[in-house]
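Please look through the structure shown here together with its sequence. The paragraphs after it take the two chains in turn.

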Amino acid sequence: MKKHEISFTLNGEKVSLEVAPNDVLLDVLRGRLGIKSPKVGCDRGDCGTCTVLMNGRTMRSCLALAVEADGAEIVTLEGANTRKWTQRLQKKFHEKNAFQCGFCAPGVILSATELLEKDPRPSAHDIKEAIAGNLCRCTGYEPIVAAIDEAAKGK
Amino acid sequence: MPITAEFEYVRPRDMDEALHVFSLYKEKARALAGGTDLVVHLKEGAARPEVVVDIKSLPGLGGIAMKGGRLRIGALVTFAGLIESATVKAKFPVLWEAARTVASTGVRNRATLAGNICSAVPSADSAPALAVYGAEVLVLSLRGERRVPISEWFAGPKKTVLAPGEIVTAVELPLPAAKHGGCYMKLSRYEGEDLAQGGVAALAFADRTYRVAVCALGPVPRRCPAAEAALNGRKLDARSLAAAKTALLAEISPISDVRSSKEYRLHMAQVMLGRALESAVSRLFGKGPRYGEGNIA
């Protein structure tokens with residue numbers, strides 16, 4: 001396999017590295033770049049715990065080849081604190097105890113960040129729809145929805 | 001999970017170059033757009049290409065444009081792109097409604113309409129909407145362009161009539177000549193991020209003609225001409241709906257799988273036909289639920 005030299009912006013910093021065609025973005029972020037907030041969950045796009053922002057939109061880093069990131073702007077939870085909503089969400093999640101094990105939290109917070117960037121006044125249904133692809137196996141959805149709702153309302 | 005299969009990756013910027021790669025490698029080349037199906041298939045070994053051709057830098061494959069009474073949806077248009085399109089919402093509301101039911105936001109941000117019909121799973125949510133609108137798939141190869149009606153596109157579960165060496169460049173939908181109301185009714189185990197246990201799309205026109213199509217109720221998504229014939233020319237009421245349900249049962253062939261039994265699907269197909277038609281007729285007259293609401297059975 002011919003390796004590819006790629007460059008992209010990761011949390012505001014330029015990174016360049018060589019990747020093989022079959023390297024998955026999630027594995028490169030975690031294994032080679034030390035970015036541990038996106039987790040390996042289902043590894044097939046269902047659970048949402050590998051969520052990152054690519055060019056401002058949430059995506060499944062388990063479903064992208066690393067080579068596709070060439071030229072992109074990637075933001076993970078580690079670098080999302082410069083975004084307007086992320087820190088407010090994290091504070092609310094902390095206050096509402098909206099984590100149990102925390103495995104889903106990075107993905108949930110990035111999905112909620114994308115939601116509030118698009119629509120700062122979401123309905124309860126909009127919130128549930130926005131995080132429908134982020135599975136919490138501790139079944140802690142109620143405090144999660146409440147935390148996002150309160151972050152939006154600035155309570 | 002790493003991908004164990006080995007392949008080359010190319011990202012052509014020129015259509016001619018891309019078509020030469022597809023022509024040279026034939027079934028050993030796979031097009032990569034959103035990757036939400038392909039990367040899973042690469043991980044599981046269900047796809048074993050020699051070369052993955054990333055089509056995201058090719059010119060002319062993006063954008064949603066209305067021209068001469070036809071809507072052209074480029075092969076790189078994602079489900080998020082469809083949902084955000086005011087034209088799709090206003091002119092092809094059933095496609096808009098169906099797009100909102102596909103997977104979840106993070107997948108819709110990457111997954112394309114063209115990829116959905118190329119994956120050709122029986123439960124493809126976009127397919128019933130494309131079928132009732134009479135969509136055509138635009139296919140390109142070194143031999144030239146051809147147009148495939150969506151009714152001839154699906155060749156079996158996960159199979160299409162796309163030949164080795166060809167790629168999909170766009171999907172085109174003719175604007176219905178008359179005002180319509182419509183609905184895509186999806187049956188799933190829970191609201192949000194589930195594959196359809198069954199799906200029914202319906203269009204209703206003021207001249208009392210109707211169009212019906214289904215997914216996940218047989219090996220391929222399909223129009224249902226017998227159900228349509230039972231309705232055409234008649235007002236939607238208990239009698240015409242009963243006739244349509246009987247006709248529908250004769251043209252669907254659901255299976256039992258992990259998501260539901262055949263019997264449940266046969267029963268719910270009739271329920272959903274009724275709900276889809278009732279919504280479609282209400283919406284035709286400016287009533288009923290707003291598009292995107294109340295369509296998860």
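Predicted model: local features only at pLDDT ≥ 70, side-chain atom pairs only at ≥ 80, totals over all residues.

Residues are numbered from 1 along each chain as its sequence is written, and chains are lettered from A and ligands numbered from 1 in the order in which they are written.

We begin with the domains of chain A. Chain A is divided into domain 1 (4–78) and domain 2 (83–153), with bounds that come from an automatic or database domain assignment. The C-alpha centres of these two domains of chain A lie 21 Å apart, and the contact between them takes 13 residues from domain 1 and 11 residues from domain 2, where two residues are in contact if their C-beta atoms, placed from the backbone, lie within 7 Å.

In the loop between β3 (51–54) and β4 (57–60) of chain A sits A:Asn55, whose phi is near 50 degrees, a positive value in a residue other than glycine. Is A:Asn55 buried or exposed? A:Asn55 counts as exposed because it has 12 C-beta neighbours inside 10 Å; a residue is buried if 20 or more other C-beta atoms lie within 10 Å of its own, exposed if 12 or fewer, and partly exposed in between, with C-beta atoms placed from the backbone.

The next topic is a pair of helices in chain A. Two packed helices are described by the angle between their axes and the distance between the axes. Helix α2 (residues 84–95) of chain A packs against α3(A) at an angle of about 130 degrees, with their axes 9 Å apart, and α2(A) is therefore oblique to α3(A). Axes are lines fitted to C-alpha atoms, for helices over the stretch in contact, and angles run from 0 to 180 degrees between N-to-C directions; angles under 35 degrees count as roughly parallel, over 145 as roughly antiparallel, 65 to 115 as roughly perpendicular and the rest as oblique. The crossing of α2(A) and α3(A) is right-handed, a crossing being left-handed if the near helix is turned anticlockwise from the far one by less than a right angle, and right-handed if clockwise. Among the residues that meet here are A:Trp85, A:Leu89 and A:Phe93 in α2(A) and A:Ile109, A:Ala112 and A:Leu116 in α3(A). The contact of α2(A) with α3(A) comprises 7 nonpolar, 3 polar and 1 charged residues.

Helix α3 of chain A also holds A:Val108, which is buried, as 30 other C-beta atoms lie within 10 Å. Leaving aside residues up to four places away in sequence, A:Val108 touches A:Ile131, A:Asn134 and A:Ile144. A:Val108 and A:Ile131 are 23 residues apart in sequence, and their C-alpha atoms are 6.3 Å apart in space.

Where the two chains meet, the contact takes 28 residues from chain A and 24 residues from chain B. On the side of chain A that touches chain B, two or more residues come from each of β4, α3 (105–118) and α4 (124–130) of chain A, and β4(A) gives the most, with 4 residues.

For chain B, the domain assignment gives domain 1 (8–54), domain 2 (64–174) and domain 3 (180–284). The C-alpha centres of domain 1 and domain 3 of chain B lie 35 Å apart. B:Ala103, in the loop between α5 (93–99) and α6 (105–108) of chain B, has a phi near 45 degrees, a positive value in a residue other than glycine, and B:Ala103 is buried, with 23 other C-beta atoms within 10 Å.

Note on methods:
Nonpolar A, V, L, I, M, F, W, Y, C, P; charged D, E, K, R; others polar.
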